[in-house]
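Here are some notes to read beside the model. Please keep the sequence and the 3D view open while going through the numbered points.

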Amino acid sequence: GAARGDACFLWHRGRSWSYADLGALTDGAAAAFVRLGLRRGDRVALLMPNAPEAIFTWLALAKIGAVTAPIHPQLTATEIAAALACLEPEALILDASLAERVPHPPPGTRLIGPELTQVLSSRDPLAGVDPPGPDDAADILMTSGTTGRPKGVVQSHRTYVLTGEAFTRWLGLTPDD
């Protein structure tokens, strides 16, 4: 983000965040997640609407090496419960607007909900955390289950970097896009 600085990273409904904003926001959130006890390799399910906060949360968790498992917010409560049973996450980050879909998190799963606003407001420096390596797990994506029960598919950090680089070339994107 430092090379792009004030350039726009994300624009959403009249608000924008620069690359510098993104770096400060995700470093602060990552530091807050560490204070909440999340660590490298922890599985963290995300049940959040498609919004900037989901992107910032995902990137902050990636910085500390946590393995995120996004759950589609339009799934039914039964489907969400099945995904959580399969994933066995250490934590579930749950947006308040979706709380009724998870009346009881699985035993042993820490619920992070109301404090997410504070987490994303933190601007503390991120220190003492080794960044994940290219082949470390970044995500567990649940399959649709069209040929059986849904399963988790692990994606590495390398996969995301290579996909981003490939899409840039395929779409002919430039720094001005």
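1. Exposure terms come first. A residue is called buried under 20% relative accessible area, exposed over 50%, and partly exposed in between, using a 1.4 Å probe and protein chains only. On that scale Cys86 is partly exposed at 41%, and Cys8 is partly exposed at 44%.

2. Some ground rules. This is a predicted model, in which local features need pLDDT of at least 70 and side-chain atom pairs count only at pLDDT 80 or more, while totals for chains, interfaces and linings use all residues. Residues are numbered from 1 along each chain as its sequence is written, and side-chain values use heavy atoms, with hydrogens and water left out.

3. Disulfides. A disulfide is a covalent bond between the sulfur atoms of two cysteines. The working rule asks for a pair of cysteine sulfur atoms within 2.5 Å. The count by this rule is 0 disulfides.

4. Ser18 and Phe9. Helices (H or I, at least four residues) and strands (E, at least two) are DSSP runs numbered from the N terminus. Ser18 sits in strand 2, residues 15-18, and Phe9 sits in strand 1, residues 8-12. Is Ser18 buried or exposed? Ser18 has a relative accessible area of 10%, so it counts as buried. Phe9, at 28%, is partly exposed.

5. Contacts of these two residues. Contact means heavy atoms within 4.5 Å. With neighbours within four places in sequence set aside, Ser18 is in contact with Gly5, Asp6, Ala7, Cys8 and Phe9. As for distance across the model, Phe9 and Pro106 are 36 Å apart, C-alpha to C-alpha, and 97 residues apart in sequence.

6. The largest pocket. The search uses a 1 Å grid over the protein atoms alone; a pocket is an open set of points with protein on both sides within 12 Å along at least five of seven lines, and lining residues have an atom within 4 Å of a point. Grid points are joined across faces, edges and corners, and a volume is the space filled by probe spheres set on the points. The largest pocket holds about 470 Å³ of space. Its lining has 20 residues, and those closest to the centre are Leu22, Trp58, Leu59, Ala62 and Lys63. Helix 1 (19-35), helix 2 (52-63) and helix 5 (157-171) are the elements that give two or more residues to this lining.

7. The second largest pocket. How much space lies in the second largest pocket? The figure is about 390 Å³. Of its 17 lining residues, Asn50, Ala54, Ile55, Trp58 and Pro70 lie nearest the centre. At least two residues each come from strand 1, strand 3 (43-47), helix 2 and strand 7 (137-142). Helix 2 gives the most, with 3 residues.

8. Lining classes. Ala, Val, Leu, Ile, Met, Phe, Trp, Tyr, Cys and Pro count as nonpolar, Asp, Glu, Lys and Arg as charged, and the others, Gly among them, as polar. The largest pocket is lined by 12 nonpolar, 5 polar and 3 charged residues.

9. Salt bridges. Side chains of opposite charge can pair when their charged atoms come close. A salt bridge here is a side-chain nitrogen of Lys or Arg within 4 Å of a carboxyl oxygen of Asp or Glu. The count by this rule is 5. One of them joins Lys63 and Asp27 at 2.6 Å, N to O. This pair links distant parts of the chain, with Lys63 in helix 2 and Asp27 in helix 1, 36 residues apart. Lys63 is partly exposed at 28%, and Asp27 is partly exposed at 28%.

10. A further salt bridge. Arg35 and Asp124 meet at 3.0 Å, N to O. Arg35 lies in helix 1 and Asp124 in the loop between helix 4 (116-121) and strand 7, so the pair ties together parts 89 residues apart in sequence. Arg35 is exposed at 54%, whereas Asp124 is partly exposed at 36%.

Notes
On a 1 Å grid over the protein atoms alone, a cavity is a set of points where a 1.4 Å probe fits but cannot get out, and a pocket is an open set with protein on both sides within 12 Å along at least five of seven lines; lining residues have an atom within 4 Å of a point.
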